[in-house]
Amino acid sequence: MLLSQKENELLKELQWQERLSADKYNKYAMQAADSQLKNLFSQIAQTEMQHLHSLEQIAAGQIPASGGGSQANPTFTAYYSLMDNQDKRNDSYLCGDALLSEKHASHLYDAFVFEFKNEGLRNALNHIQKEEQRHGKMIYDYMETNAMYS
C-alpha cells in the first residue's frame, strides 16, 4: 500500500511520540519509589514499543493486526497516605507528567486518524488511541488510590 506524503509525515511524528513515550516510561520506572508504579510504567513502556512497531509496519505499507482484546486494568493498593513526603511528591510528579503525555498522545491520534485514506489504517490508529486512553485511566487510578489527584 502506498502512503501519501502527508500520511508519511504524520507517521513520522507518531513514531517519534511513541519512541519518546517508551523511553520516558522506562526512565520513570527506574525513578519511581513505589513498586506498583514501577510495574505500571514498565508495562506501559512495553505497550508504547508495540505501538511503535505497529507504526513501523504501517510505514512499510502493511496494516498491523490490532491485537487481542483489551486487558483488565490493574488494581492498586494505597502505597501513600494523605501525608506528604519526598517519595510521594516525586511519584506524583512522574504520574502527572505521564498523564499529561497520554492526553497529548490521545489527541494526536484523534486528529491524525482522519488524515489517513485507508480504513484499515484508521482502525489501527484508533486502536492505538484507545490504548493511550487506557494508559491515562490506569495512571489516573493509581493517582486516585494514592491521594495524588485533586
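## Helix α4 and its ends

In this predicted model, alanine 147 follows α4 and has a positive phi, near 55 degrees. Helix α4 itself covers residues 119–145.

At the start of α4 stands asparagine 118. A side-chain oxygen of this asparagine comes to within 2.7 Å of the backbone nitrogen of glycine 120.

## Helix α3 and its cap

Helix α3 runs through residues 86–112. The 27 residues of α3 should span 39 Å at 1.5 Å a residue; its end C-alpha atoms lie 39 Å apart, which agrees. The N-terminal end of α3 is capped by asparagine 85, which places a side-chain oxygen 3.0 Å from the backbone nitrogen of aspartate 87.

## Packing of α1 against α3

Helix α1, made up of residues 5–31, packs with α3 at an angle of about 165 degrees, and the two axes are 11 Å apart. Because angles over 145 degrees count as roughly antiparallel, α1 and α3 are roughly antiparallel to each other. The crossing of α1 past α3 is left-handed.

On the α1 side, the residues that meet α3 include Leu10, Leu14, Tyr25 and Tyr28, together with Glu13, Glu18 and Lys24. Their partners in α3 include Leu94, Ala98, Ala105, Leu108 and Phe112, as well as Asp91, Asp97 and Glu102. The residues of this contact of α1 with α3 comprise 10 nonpolar, five polar and six charged.

Terms used. Residues are numbered from 1 along each chain as its sequence is written. This is a predicted model: local features need pLDDT of at least 70, side-chain atom pairs count only at pLDDT 80 or more; totals for chains, interfaces and linings use all residues. Side-chain values use heavy atoms; hydrogens and water are left out. Helices (H or I, at least four residues) and strands (E, at least two) are DSSP runs, numbered from the N terminus. The expected span of a helix is 1.5 Å times one less than its number of residues. A polar contact is a pair of N or O atoms within 3.5 Å; within protein, one must be able to donate a hydrogen and the other to accept it, and residues adjacent in sequence count only if both atoms are side-chain atoms. Axes are lines fitted to C-alpha atoms, for helices over the stretch in contact, and angles run from 0 to 180 degrees between N-to-C directions. Angles under 35 degrees count as roughly parallel, over 145 as roughly antiparallel, 65 to 115 as roughly perpendicular and the rest as oblique. A crossing is left-handed if the near helix is turned anticlockwise from the far one by less than a right angle, and right-handed if clockwise. Contact means heavy atoms within 4.5 Å. Ala, Val, Leu, Ile, Met, Phe, Trp, Tyr, Cys and Pro count as nonpolar, Asp, Glu, Lys and Arg as charged, and the others, Gly among them, as polar.
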